[in-house]
Amino acid sequence: MIYDLIVIGGGPAGYLAAERAGHAGLSVALIEKRSLGGVCLNEGCIPSKALLNSAKLYEHAIHSEKYGVTVTGAKLDHAKVVERKAKVVKTLVGGVGMKMKANKVTVFMAEASIQGKTAEGFAVKAGDEVLTGARLLICSGSVPSLPPIPGSKEGLEAGYVMTNREILDMTTVPENLCIIGGGVIGLEMASYFNTAGSHVTVVEMLDHIAGPTDAEISALLLKEYQKKGIDFRLGAKVVGMEKGAVSYEKDGKTEKVPADVILMSIGRRANTAGLGLETLGVELNRGAIVTDERGQTNVAGVWAAGDVNGKSMLAHTAYREAEVAVNNILGKRDVMRYNAIPSVIYTNPEVACVGMSEEAAKAAGVDYVCKKLSMRYSGRFVAENEGGDGLCKILVDKKYNKVIGVHLIGNSSSEIIWGAAALIETELRVEDIRELVFPHPTVSEIIRETIFEF
Ligand code: NAI
């Protein structure tokens, strides 16, 4: 048979695209080599959140006296946390499989390799079978960047150097954990293992953590982390690693950090190697598939969505990119916009941002006004965060009086930020937002309060 659509990769982009296309009546084949759900469900977003939730519960328990609750004997049992994480992953992976069935998607658990184009369509090998599809959607995701830092290859082989995949399955808590890279993965793992009892050192090349996050928010997060005892070496370039230590250079000097386990979290790159894209002449840019705003590649009938296009590398971006591609495949016009994609760091405290940071607005020459309020202006936040604080920072474009950036630090931020994204996406003006009714008492009211400052 000739499938209407062959999807390569069963992560958030691939499984959502297959589901939507199947639902619309297309015959769909989905090829996945490891496990449905991809990195997000199996070794990324979901398992890390399971771990971080256990850390949050444990922290609540050990600080419960502040809330008038006595908890004795609180203990974080890491092996049990990892066991529960595996159960959560299994449930959700099973759910994806059921969705595929419900939408009549044929799933091939095999490695896909593109063979080229024939008169019938695109030929893709899935294990021993060769499938033919009228269209191809590539959702092969990303893999960790592993530059050849001296000692890293040996460490990865021996198992004391890990990526996000291995660290999430580790059943013991290392005494000394050294994290290379203070980006999202590094910070979330630092947060968990610090609570679990490791001495955590983060070695970061830049002079700040959390990459493109608004500088003020990132500085506040750094302070919170330092208070918890996480050790940061900023402006430090890793030059080597061995069993027991990581070496880095800072200000012309070489220093060593003790490390029983080393996590390499220095970014990810598009996963295009070995797919056979060259048989079709699909254009790549630094290894990522080049797509237009609809997800179309330079080859008619070949589409791509998710991390493989190297644009945003977030699961929620992947979902939307997949939807956009499928809509266009179905003949419905739809385009991808990247200006209101929220980003969240699920640490304790949470950080959530959408739109332009102050630094980005300045660099783009936008004439903006910025207002800030402490999270303590939210009654609900004060009731639930004894002695805690956070910040809400909103940027408004002076010319149009529209919100262009919302940056939050403080718990519950992750559940609020989609609303802020909606304000940006729908281009509401400050005066329109003032008319919105926010539920009381919620931490989300901090947005309403800050808007009244303009
Ligand atoms: P990242 O790009 O967020 O951070 C990597 C950090 O490593 C950067 O700060 C960089 O300056 C630093 N670095 C690079 N080379 C270095 C070296 N030799 N020595 C010291 N520092 C070095 O990458 P990360 O954390 O690996 O995450 C990968 C992807 O996964 C990201 O694109 C992220 O968006 C996604 N992700 C998203 C999450 C979320 O939304 N909550 C959670 C986890 C991952």
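In which strand is Met162 found?

A: Met162 is found in strand 10, residues 161-162. Strands here are DSSP runs of E with at least two residues, helices are runs of H or I with at least four, and both are numbered from the N terminus. This is a predicted model, in which local features need pLDDT of at least 70 and side-chain atom pairs count only at pLDDT 80 or more, while totals for chains, interfaces and linings use all residues. Residues are numbered from 1 along each chain as its sequence is written, and side-chain values use heavy atoms, with hydrogens and water left out.

Met162 has a relative accessible area of 9%, so it is buried (buried is under 20%, exposed over 50%, partly exposed in between, with a 1.4 Å probe and protein chains only). Between Met162 and Ile179 there are 9.6 Å in space, C-alpha to C-alpha, and 17 residues in sequence.

Next comes the ligand. A residue is near it if one of its heavy atoms lies within 4 Å. The ligand is surrounded by 21 residues, the closest being Ile185, Glu188, Glu204, Gly267 and Val344. Helix 7 (residues 184-196) gives the largest share of this shell, four residues. By type, the shell holds 13 nonpolar, five polar and three charged residues; Ala, Val, Leu, Ile, Met, Phe, Trp, Tyr, Cys and Pro count as nonpolar, Asp, Glu, Lys and Arg as charged, and the others, Gly among them, as polar.

Glu204 has a polar side-chain atom 2.6 Å from an oxygen atom of the ligand. A polar backbone atom of Met205 lies 3.2 Å from a nitrogen atom of the ligand, and one of Ser265 lies 3.5 Å from an oxygen atom of the ligand. On its own the ligand has 850 Å² of accessible area, and the protein covers 79% of that; such areas come from the Shrake-Rupley method with a 1.4 Å probe, and for residues only the protein chains shown count as cover.

The last topic is the backbone. Most residues other than glycine have a negative phi, and most peptide bonds are trans. The bond from Asn348 to Pro349 is cis, with omega near 10 degrees. Asn348 lies in the loop between strand 22 (343-345) and strand 23 (351-355), and Pro349 is found in the loop between those strands. Asn348 is buried, because its relative accessibility is 14%.

Met313 has a positive phi, near 55 degrees, and sits in the loop between strand 21 (302-304) and helix 9 (315-329). Its 27% relative accessibility makes Met313 partly exposed. Phi of Asn401 is also positive, near 60 degrees, and Asn401 is in the loop between strand 25 (391-397) and strand 26 (402-409). With a relative accessible area of 28%, Asn401 is partly exposed.

Terms used
Polar contact = N/O pair within 3.5 Å; in protein donor to acceptor, adjacent residues only side chain to side chain.
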